[in-house]
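Subject: Structure for you to look at

Hello,

Here is the structure that I said I would pass on. Please open it next to this email and read the two together.

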Amino acid sequence: MEITREDILHLADLSNFSLSEAEIDSLGNNLQDIIKYISQLDELDTEGVEPTYQVFEMENVWRDDEILGQDATPDELLATAPAEYQHQIKVPKVL
């Protein structure tokens, strides 16, 4: 695949980059080298190789939700708060 000047300018426009002429040439060469390097993967024989979606054998570990009893009463918890107003914890105003 050949990277054209228009491709680079289009990518720069999408990325909201402004490029000098030297940067356009350099980026074109770099992108061409990257594509050439990645295209080496086309030469691999992958016949019979299953796609790898995940490297590690992982699965989600779920636990049941359990409501555990509390040792403290609401009044005891409010007593530990720095300030209380109308039976609620008073916090600084956040705007």
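Below is what was found in it, starting with the whole chain and ending with single residues.

This is a predicted model, in which local features need pLDDT of at least 70 and side-chain atom pairs count only at pLDDT 80 or more, while totals for chains, interfaces and linings use all residues. Residues are numbered from 1 along each chain as its sequence is written, and side-chain values use heavy atoms, with hydrogens and water left out.

The chain has three helices and two strands (DSSP runs, numbered from the N terminus: H or I of at least four residues for helices, E of at least two for strands). Their order from the N terminus is α-α-α-β-β.

The radius of gyration of the chain is 30 Å, whereas a compact globule of 95 residues would have one near 12 Å. This radius is taken over C-alpha atoms, and the globule rule is 2.2 Å times the number of residues to the power 0.38. The C-alpha trace spans about 75 × 45 × 15 Å along its principal axes. Of the 95 residues, 7% are buried (under 20% relative accessible area; exposed is over 50%, partly exposed in between, with a 1.4 Å probe and protein chains only).

Next, the helices H1 and H2. Their axes come within 10 Å and cross at roughly 105° (lines fitted to C-alpha atoms over the stretch in contact, with angles from 0 to 180 degrees between N-to-C directions). H1 is therefore roughly perpendicular to H2, a label for angles of 65 to 115 degrees. On the H1 side the contact (heavy atoms within 4.5 Å) is made by Arg-5, Ile-8, Leu-9 and Leu-11, and on the H2 side by Glu-21, Ile-24, Leu-27, Gly-28 and Leu-31.

The structure holds one salt bridge (a side-chain nitrogen of Lys or Arg within 4 Å of a carboxyl oxygen of Asp or Glu). Arg-5 and Glu-21 form this bridge, at 2.9 Å from N to O. The pair links distant parts of the chain, with Arg-5 in H1 (residues 5–15) and Glu-21 in H2 (residues 21–38), 16 residues apart. Arg-5 is partly exposed at 38% relative accessibility, and Glu-21 is partly exposed at 47%.

Last, Asn-60 lies in the loop between H2 and helix H3 (74–79). Asn-60 has a relative accessible area of 57%, so this residue counts as exposed.

Regards

Technical notes:
Angles under 35 degrees count as roughly parallel, over 145 as roughly antiparallel, 65 to 115 as roughly perpendicular and the rest as oblique.
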